[in-house]
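Subject: Structure handover

Hello,

Here is the structure I promised to pass on. Please open it first, then read the notes below.

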Amino acid sequence: VPSLREHLEDIPNLVKKYVADKDKKLSHAALKKLVAYQWPGNIRELKNVLSRACTFCKKNEIESEDIVFYD
């Protein structure tokens, strides 16, 4: 599976689908943070980041501070 950094244009659609399935919303700042990140991994890494954000966000909307990358 190719790295996400080779397919940055796909990230917004992948993210919107995933957070909608979790009944969450994503702020514009959070989406910008996800697209700006130089993903070393593939879609599984993106899903892990989003899963943590959905679990630990304090509201129904994921904010940029809810997005945490572990290098």
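I start with the helix contacts. In α1, the residues Ile11, Pro12, Val15 and Lys16 meet Leu31, Leu34 and Val35 of α2. By class, that contact has six nonpolar residues, one charged residue and no polar ones. Keep in mind throughout that this is a predicted model.

Now the geometry of that pair. Helix α1 covers residues 11–21, and helix α2 covers residues 28–36. Their axes are 10 Å apart, and the packing angle is about 130 degrees. The crossing of α1 past α2 is right-handed.

**α1 and α3**

Helix α1 also packs against α3. Their axes come within 11 Å and cross at roughly 40 degrees. That angle makes α1 oblique to α3. Here too the handedness is given: α1 passes α3 in a right-handed crossing.

Which residues make this contact? From α1 come Leu14, Val15, Tyr18 and Val19. From α3 come Ile43, Leu46, Lys47, Leu50, Ser51 and Cys54. The classes are eight nonpolar, one polar and one charged. Look at Val15 when you turn the model. Val15 meets residues of α2, and Val15 is also in the α1 list for the contact with α3.

**The aromatic residues**

The structure holds three aromatic pairs. I describe two of them here.

Tyrosine 37 and tryptophan 39 make an edge-to-face pair. Their ring centres are 4.7 Å apart, with 85 degrees between the planes. Are these two residues buried or exposed? Tyrosine 37 has a relative accessible area of 12%, so it is buried. Tryptophan 39 is at 0%, so it counts as buried too. The cut-off for buried is under 20%.

Tyrosine 37 and phenylalanine 69 make a stacked pair. The distance is 3.7 Å centre to centre, and the angle between the planes is 0 degrees.

Together, Tyr37, Trp39 and Phe69 form one aromatic cluster.

**The loop between α1 and β1**

Two residues in this loop are worth a look. Aspartate 23 lies in the loop between α1 and β1 (25–26). Aspartate 23 is not a glycine, yet its phi is positive, at about 55 degrees. At 63% relative accessibility, aspartate 23 counts as exposed.

Lysine 24 lies in the loop between α1 and β1 as well. Leaving out residues up to four places away in sequence, lysine 24 touches Val19, Cys54, Cys57, Lys59, Asn60 and Ile62. Two of these names came up above: Val19 is in the α1 list and Cys54 in the α3 list of the helix contact. The C-alpha atoms of lysine 24 and serine 51 are separated by 11 Å, and the two residues are 27 apart along the chain.

**Strand β2 and the segment after it**

Glutamate 61 is in strand β2. Its relative accessible area is 31%, so glutamate 61 is partly exposed. Where does glutamate 61 make its contacts? Not counting residues up to four places away in sequence, glutamate 61 touches Lys25, Leu26, Ser27 and Asp66. For glutamate 61 and serine 27, the C-alpha separation is 6.4 Å, at 34 residues apart along the chain.

Glutamate 63 lies in the segment after β2. With a relative accessible area of 17%, glutamate 63 is buried. Leaving aside neighbours within four places in sequence, glutamate 63 is in contact with Ser27 and Ala30.

Best wishes

Key. Residues are numbered from 1 along each chain as its sequence is written. This is a predicted model: local features need pLDDT of at least 70, side-chain atom pairs count only at pLDDT 80 or more; totals for chains, interfaces and linings use all residues. Side-chain values use heavy atoms; hydrogens and water are left out. Axes are lines fitted to C-alpha atoms, for helices over the stretch in contact, and angles run from 0 to 180 degrees between N-to-C directions. Helices (H or I, at least four residues) and strands (E, at least two) are DSSP runs, numbered from the N terminus. A crossing is left-handed if the near helix is turned anticlockwise from the far one by less than a right angle, and right-handed if clockwise. Contact means heavy atoms within 4.5 Å. Ala, Val, Leu, Ile, Met, Phe, Trp, Tyr, Cys and Pro count as nonpolar, Asp, Glu, Lys and Arg as charged, and the others, Gly among them, as polar. Rings of Phe, Tyr and Trp (its six-membered ring) pair if their centres lie within 6.5 Å; planes under 30 degrees apart count as stacked, over 60 as edge-to-face and the rest as tilted. Buried means under 20% relative accessible area, exposed over 50%, partly exposed in between (1.4 Å probe, protein chains only). Angles under 35 degrees count as roughly parallel, over 145 as roughly antiparallel, 65 to 115 as roughly perpendicular and the rest as oblique.
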